[in-house]
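Reader: I am new to this structure and would like to learn how to read it. Please take the features one at a time.

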Amino acid sequence: MSVLHKILNSILFSISVLVFSSPALAGPLCALGQGGHGGADIPATPLAHQQMRSVAQALCQKFKCPYFDFAQTQTTKNAMAWSDASGNYIRYNSSFMNGELQNRGFYATTGILAHELGHLIDFSVNTANQNQATREATADRYAGCAFALAGEPRENLLALAQSLQAMGSSPGYPTAQERVALVLIGYNQCSN
Ligand SMILES: [Zn+2]
């Protein structure tokens with residue numbers, strides 16, 4: 001086995017460990033739109049795992065990613081990420097994600113997961129209090145960055161942009177237009 005293969009395998013192993021580690025519940029720091037958590041966790045689907053892995057492989061080669069737990073839950077309206085003393089968590093609602101997958105496509109749900117992982121990286125780097133709009137802007141930039149690092153062409157951001165437009169504007173969030181711009185800024189910052 002080549003050194004590269006060994007490194008790759010060890011990266012894949014750490015990602016599956018962080019994806020399958022044990023769940024816990026705590027206060028939300030990000031929720032795309034309204035919603036909450038507190039319901040039972042359900043294992044993420046194979047497709048969601050695959051997307052989460054590819055997002056982690058892209059972002060975690062450049063940024064220090066915290067270990068996190070990933071699952072679906074019906075009590076989250078769409079997707080969310082939070083960090084607390086017990087760990088780092090990403091949760092998504094399968095009805096929401098299936099809808100985005102069908103209506104906007106594969107790269108929309110990939111982008112949503114990238115946004116959530118962006119929050120976890122941001123939480124671990126910027127521990128000072130920040131308002132929600134700043135947090136969301138940063139996570140959107142990470143989402144765009146993930147696409148650039150994965151070598152995706154810029155047009156694959158279109159599905160995510162459509163998804164952000166469809167979610168509309170929520171209080172405390174940048175507007176949909178601003179969010180699309182932030183995703184593009186993130187993409188450009190991480191290109192080459
Ligand atoms: Zn967010």
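This is a predicted model: local features need pLDDT of at least 70, side-chain atom pairs count only at pLDDT 80 or more; totals for chains, interfaces and linings use all residues.

Reader: In which sense do S3 and strand S5 pair, and over how many bridges?

Author: Strand S5 covers residues 87-92, and S3 pairs with this strand in the parallel sense, over four bridges.

Reader: Which way do strands S2 and S3 run, and how many bridges join them?

Author: Strand S2 (residues 41-42) and strand S3 (residues 69-73) run antiparallel and are joined by two bridges. Asp41 has Thr73 in S3 as its bridge partner.

Reader: How many bridges join S4 to S5?

Author: Six bridges join S4 and S5, and the two strands run antiparallel. Across this pairing, Ala79 stands opposite Tyr92 in S5. S4 and S5 form a hairpin, with two residues between them. Strand S4 spans residues 79-84 and is mostly covered, five of its six residues being buried.

Reader: How many helices and strands does the secondary structure of the protein come to?

Author: Seven helices and five strands. Read from the N terminus, the elements run α-β-β-α-β-β-β-α-α-α-α-α.

Reader: What share of the residues in the protein is buried?

Author: Of the 192 residues, 44% are buried. For a single residue, the count of surrounding C-beta atoms decides: 20 or more others within 10 Å make a residue buried, and 12 or fewer make it exposed. Two residues show how the count is used.

Reader: Take Arg135: where is this residue found, and why does it count as buried or exposed?

Author: Arg135 is found in helix H5, which covers residues 132-149. Arg135 counts as buried because it has 21 C-beta neighbours inside 10 Å.

Reader: And Lys64: where does it lie, and is it buried or exposed?

Author: Lys64 lies in the loop between helix H2 (46-59) and S3. With 9 other C-beta atoms within 10 Å, Lys64 is exposed.

Reader: How does distance along the chain compare with distance in space?

Author: The two are read separately. Lys64 and Ser124 are 60 residues apart in sequence, while their C-alpha atoms are 8.7 Å apart in space. Arg135 and Gly118 are 17 residues apart along the chain, and their C-alpha atoms are separated by 9.3 Å. For the protein, among contacts with a separation of 6 or more, 73% are between residues 24 or more positions apart.

Reader: Now the helices. At what angle do H5 and helix H7 pack, and how far apart are their axes?

Author: Helix H7 covers residues 176-189; H5 and H7 pack at about 45°, with their axes 6 Å apart. That angle makes H5 oblique to H7. The crossing of H5 and H7 is right-handed.

Reader: Which residues of H5 and H7 meet?

Author: From H5, the residues include Ala137, Arg141, Cys145 and Phe147, and those of H7 include Arg179, Leu182, Ile185 and Tyr187. By class, the contact of H5 with H7 has eleven nonpolar, three polar and three charged residues.

Reader: At what angle do the axes of helix H4 and H5 cross?

Author: At roughly 120°, with the axes of helix H4 (residues 106-125) and H5 coming within 7 Å. H4 and H5 are therefore oblique to each other. Their crossing is right-handed. Among the residues making the contact are Gly111, His115 and Gly118 of H4, and Arg135, Thr138 and Ala146 of H5. The contact of H4 with H5 divides into seven nonpolar, five polar and three charged residues.

Definitions and conventions. Residues are numbered from 1 along each chain as its sequence is written. Axes are lines fitted to C-alpha atoms, for helices over the stretch in contact, and angles run from 0 to 180 degrees between N-to-C directions. Angles under 35 degrees count as roughly parallel, over 145 as roughly antiparallel, 65 to 115 as roughly perpendicular and the rest as oblique. A crossing is left-handed if the near helix is turned anticlockwise from the far one by less than a right angle, and right-handed if clockwise. Two residues are in contact if their C-beta atoms, placed from the backbone, lie within 7 Å. Ala, Val, Leu, Ile, Met, Phe, Trp, Tyr, Cys and Pro count as nonpolar, Asp, Glu, Lys and Arg as charged, and the others, Gly among them, as polar. Two strands pair if DSSP finds at least two bridges between them.
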